[in-house]
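Biologist: I am new to this kind of model and would like to learn how to read its domains and interfaces. Could we go through them together, one term after another?

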Amino acid sequence: MSFDITLILDSLPKMLSGIGLTFQLLILSGVLGLLLAFVLLLMRLTEKWYFSVPAQVFIYVFRGTPILVQIFIIYYGLPQFEAIRESIFWPILREPFGCAILALTLNTGAYVSEILRGAVLAVDRGLLEAGSALGLSRNQRFIYITSPLAIRLGIPPYSNDVISLLKSTALASTITIFDMMGIARTIVAETYAPYEIFISLAIIYMIFTFFIQKGFGYFENFMSRHVKK
Amino acid sequence: MNILNKKLLISFTALMLTVVSPASAEKLRVGMECTYAPFNFKTADGVLSGYDVDVSKGVAEILGLELEYVCQKWDGMIPALLANKFDLIIASMSITDKRKKKIDFSGPYRDSVGQMVARKDLGRDLFDSAGKPDPAAFKGIKVGLERATTYSDWFEQTLPSAKVVLYDSNEALYLDLMNGRTDVIMTNPMKAHLKFLSKDGNDGFELAGPVIDDVDYFGVGVGIGLRQGQEELRDNLTGALKTLIKNGSLKEYALKYFPFQIHNDKWAD
């Protein structure tokens, strides 16, 4: 089989025209997901069952089901209910983009909250005891001692999740979104050349991932600047 | 049946004798969606049936072929044929010039047309009095189409003012039309009737405008697809289809699902 270079050169700009949408999916659901994760974290850290149990159930549900299933339930499932179609959420849920953002946010929020919890729990107890010996309140200890250390500890697993979120955005193409994956699939369906097109697309995603990795690397260095040897 | 058993036995022994021989010439794999009622679909008890399946069996009987069925999503159908995942496409695929660049087709065995389905309360006349689609009326209308079908080609060229949304499956088209995400869809009217319009609770929708049979886009009809460079097989398939038209089998297959035949008798000439 021959490898059609001109076809790649022709379709690269077309696929790259979807980069904005892929980016929007990544950034929006990444930021919203992080906020959600933070709320879930606080809910889990309180010792009140009526906060921590719902958070645990939420995390279990969204980690326990495939993201593709979540996307399909939100996109195809919810509008089956008349009440949803008449609710104030319909303008968002009517659009595939809104559905994709919602699904990705809920999913990544569940994962990231566990990353954050792991990082918080990994902070040495002795430091917190020292803090309380110095007369710092519970909130002060959380802000001045736990947070900076937990952020540093959380960066490597968190960067992992951002990279996997980037790849999850490709699933949005299944609900008619014209991101890079959606464009690639349409080109493949028209040219019948899956090999060339998908390989080029894979390389684009890898370049993306490289920059995300580098970015988090710098951030990690910055956060560890006091512990450098 | 006996002949078939004998053939099976012979080809089986032949296979046993030459363990690493390439697949016997008589056994061909057929690709289809298996979800495209009433043309190729699985019944509730998992039996593959439909018009395409009947045609494939009719052809196999005439040519003495043994068939094995492979289910394949529509947008990967031609790549899968080219990648040798199966040998024939009998999946209601219209014969078009664009597809002919990559694969070969037998003669046609079914009509290939499109028609739109719209909400009844759309409140716009999409077609003029002569039954031609009016590009101005389609402005801002959301149209649901299946990715890489003849319908999406036709729409892009004929009515670029419409906002096209591409779907991966026929079911998704109906779902989003019902959900109000699209205003109009275009698909095969036979299928839209059977799978959507005739079902309970869908009386808010109707076939809109006339049947569209633009030969430039929809081709002469639906044929059997095969890899290029197999002229003998292609001519045999065409011959077998002509026989099926002449002996009335093709009409018989159609009447199982529709109140009318869905081929042109001239194709047998």
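Biologist: Which domains does the domain assignment give for chain B?

Modeller: Please keep in mind that this is a predicted model, in which local features need pLDDT of at least 70 and side-chain atom pairs count only at pLDDT 80 or more, while totals for chains, interfaces and linings use all residues. Residues are numbered from 1 along each chain as its sequence is written, chains are lettered from A in the order in which they are written, and side-chain values use heavy atoms, with hydrogens and water left out. Domain bounds come from an automatic or database domain assignment, and for chain B this gives domain 1 (2–111 + 220–268) and domain 2 (114–217).

Biologist: What area is buried between domain 1 of chain B and domain 2 of chain B?

Modeller: The size of an interface is often given as the accessible area lost when the parts come together. Buried area is that loss, taken with a 1.4 Å probe and summed over both parts; between domain 1 and domain 2 of chain B it is about 1200 Å², with 56% from carbon and sulfur atoms.

Biologist: Which residue forms a salt bridge with B:K98?

Modeller: A salt bridge needs a side-chain nitrogen of Lys or Arg within 4 Å of a carboxyl oxygen of Asp or Glu. B:K98 pairs with B:D153, their closest N and O atoms being 3.4 Å apart.

Biologist: How many salt bridges are counted between chain B and chain A?

Modeller: The count is three, and A:E95 with B:K142 forms a salt bridge whose closest N and O atoms are 3.6 Å apart. Chain B and chain A bury about 1900 Å² between them, 49% of it on carbon and sulfur atoms, and in chain B the residues that lose the most area to chain A are B:R147, B:N179 and B:R181.

Conventions: Buried area = accessible area lost by both parts, 1.4 Å probe.
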